[in-house]
Amino acid sequence: MMMNVRSVDWLKEHLPDRKVRVIDCSFSLGDSSAGKTTYLKGHIPGAVYFDLEKDLSGHVKEHGGRHPLPNMKNFLRKIENAGIDNDTVIVAYDQEEGAFASRCWWMFRYLGHEEIFVLNGGYKAWKEEGCKSETSVPDYETKSYTPSFNEEMLASLEEVKGISNREIPGILLDSRSEERYLGKEEPIDRIPGHIPGAVNIPWTEGVKKGYFLEEANDRRFAKLDRNTPIVVYCGSGVTATPNVLALLEAGFSDVKLYAGSYSDWVSYDHHKVETNRTSL
């Protein structure tokens, strides 16, 4: 069994447990209201809804990227209103390839929560297994949550710059597509390319139809040094999180997320970018 992922069969068995809470993270980057609409049309019984931009991200500013981390007081209030406390077993899912659920997973791991998992295959797998759904929105008793922040999961901009300039040891891992990494296309950020010195391992190579491909990780990460800190980024700190999860599953221990990611990096005019491939 994967450490950070749970199967539909596991969730079916444990869903009646009052300690278990399911979080629907459905979202569309092209239509920010689509996720909530999809949730209201049908979700796993008892699931609460966490919105990528309203709950799992904060307000966009000059720096910090397109999906900066949320105000933690607001995030904790959302958690407590969902009836979640420190003993809750949480399973997050989405309608896509697992990136939004992985962002939720990372947020809870950052808070120090251990019993947080991503549903393998997501909502599609749940439906394909013939499991029931519901449209009602649950109302849970408010709980109290005490965070124990795991700062070792978060990389600072200074750390990223230090690795990029080879002033400190570390590997920068760009999780975006090869085309965006090489600057051949850039649909969102103002400057194409990647952070100097970063290697490219697209997150999409580690999932298929929402299922995490555990057997693919040995091949994908074969050239990475397990004794070197790894800082993972993408465009805005969302699609990097499946790679963070996959690295931990593959046995890497010193893995951090650059939450602001490339969109934060290019918000500074003096930061350089590259378009050539970096090899390990």
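Me: Which elements do the buried residues of H6 pack against?
Reply: In this predicted model, the buried residues of H6 pack against strand S6 (171–174), strand S10 (230–233), strand S11 (255–257) and helix H10 (261–265).

Me: Which residues of H6 are the buried ones?
Reply: They are Leu157, Glu159, Val160, Gly162, Ile163 and Ser164. That makes six of the eight residues in H6 (residues 157–164), so the helix is mostly covered.

Me: OK, the strands. What is the order in the four-stranded sheet?
Reply: The order is S7-S6-S10-S11. The sheet is open and the pairing is parallel.

Me: Which strands stand at the edges?
Reply: Strand S7 (199–200) and S11 do. Each has a single partner strand, so one side of each is left without a neighbour in the sheet.

Me: How many bridges join S6 and S10?
Reply: Four bridges, in the parallel sense. Leu172 stands opposite Val231 in S10.

Me: And S10 with S11? How many bridges there?
Reply: Three bridges, again parallel. Ile230 stands opposite Val255 in S11.

Me: What about S6 and S7, how many bridges?
Reply: Two, also in the parallel sense. Asp174 stands opposite Asn200 in S7.

Me: Back to S10. Which way do its side chains point?
Reply: Ile230 and Val232 point one way. Val231 and Tyr233 point the other way. In a regular strand, side chains alternate between the two faces of the sheet.

Me: Are those four S10 residues buried or exposed?
Reply: Ile230, Val231, Val232 and Tyr233 are all buried.

Me: Next, Cys234. Where is it found?
Reply: Cys234 is in the loop between S10 and H9.

Me: Is Cys234 buried or exposed?
Reply: Buried. Its relative accessible area is 1%, and the cut-off for buried is under 20%.

Me: What does Cys234 touch?
Reply: Leaving out residues up to four places away in sequence, Cys234 touches Ser175, Arg176, Thr239, Ala240, Ser261 and Tyr262.

Me: How far is Cys234 from Ser177?
Reply: Their C-alpha atoms are separated by 9.1 Å. Along the chain, Cys234 and Ser177 are 57 residues apart.

Me: Now H9. How many of its residues are buried?
Reply: Nine of nine in H9 (residues 241–249), so the helix is largely enclosed by the rest of the structure. Among them are Pro242, Asn243 and Glu249.

Me: What comes just after H9?
Reply: Gly251 takes a positive phi there, of about 100 degrees.

Me: Switching to Ile188. Where is that one?
Reply: Ile188 sits in the loop between helix H7 (178–181) and S7.

Me: How accessible is Ile188?
Reply: Ile188 has 48% relative accessibility, so it counts as partly exposed. Exposed would need over 50%.

Me: Which residues is Ile188 in contact with?
Reply: Arg66 and Arg180, leaving aside neighbours within four places in sequence.

Me: How far apart are Ile188 and Asn200?
Reply: They are 18 Å apart, C-alpha to C-alpha. In sequence they are twelve residues apart.

Me: There's a five-stranded sheet too. What's its order?
Reply: S1-S5-S4-S2-S3, an open sheet with parallel pairing. The edge strands are strand S1 (5–6) and strand S3 (48–49), each pairing on one side only.

Me: How do S1 and S5 pair?
Reply: S1 and strand S5 (residues 116–119) pair in the parallel sense over two bridges. Arg6 stands opposite Leu119 in S5.

Me: Whole protein now. How many helices and strands?
Reply: Ten helices and eleven strands. The radius of gyration is 18 Å, close to the 19 Å that the globule rule gives for 280 residues, so the protein is as compact as a globular protein of that length.

Me: What does the C-alpha trace span?
Reply: About 50 × 40 × 35 Å along the principal axes.

Me: What share of the residues counts as buried?
Reply: 55% of the 280 residues.

Me: And the charges, how many positive and negative side chains?
Reply: The protein has 34 positive and 43 negative side chains. The centres of the two sets lie 2 Å apart.

Notes. Residues numbered from 1 in each chain as written. Predicted model: local features only at pLDDT ≥ 70, side-chain atom pairs only at ≥ 80, totals over all residues. Heavy atoms only, no water. Buried < 20%, exposed > 50% of the residue type's maximum accessible area, 1.4 Å probe, protein only. Contact = heavy atoms within 4.5 Å. Rg over C-alpha atoms; globule rule 2.2 N^0.38 Å. Lys, Arg positive; Asp, Glu negative; His and termini not counted. Charge placed at Lys NZ, Arg CZ, Asp CG, Glu CD. Pairing = 2+ DSSP bridges.
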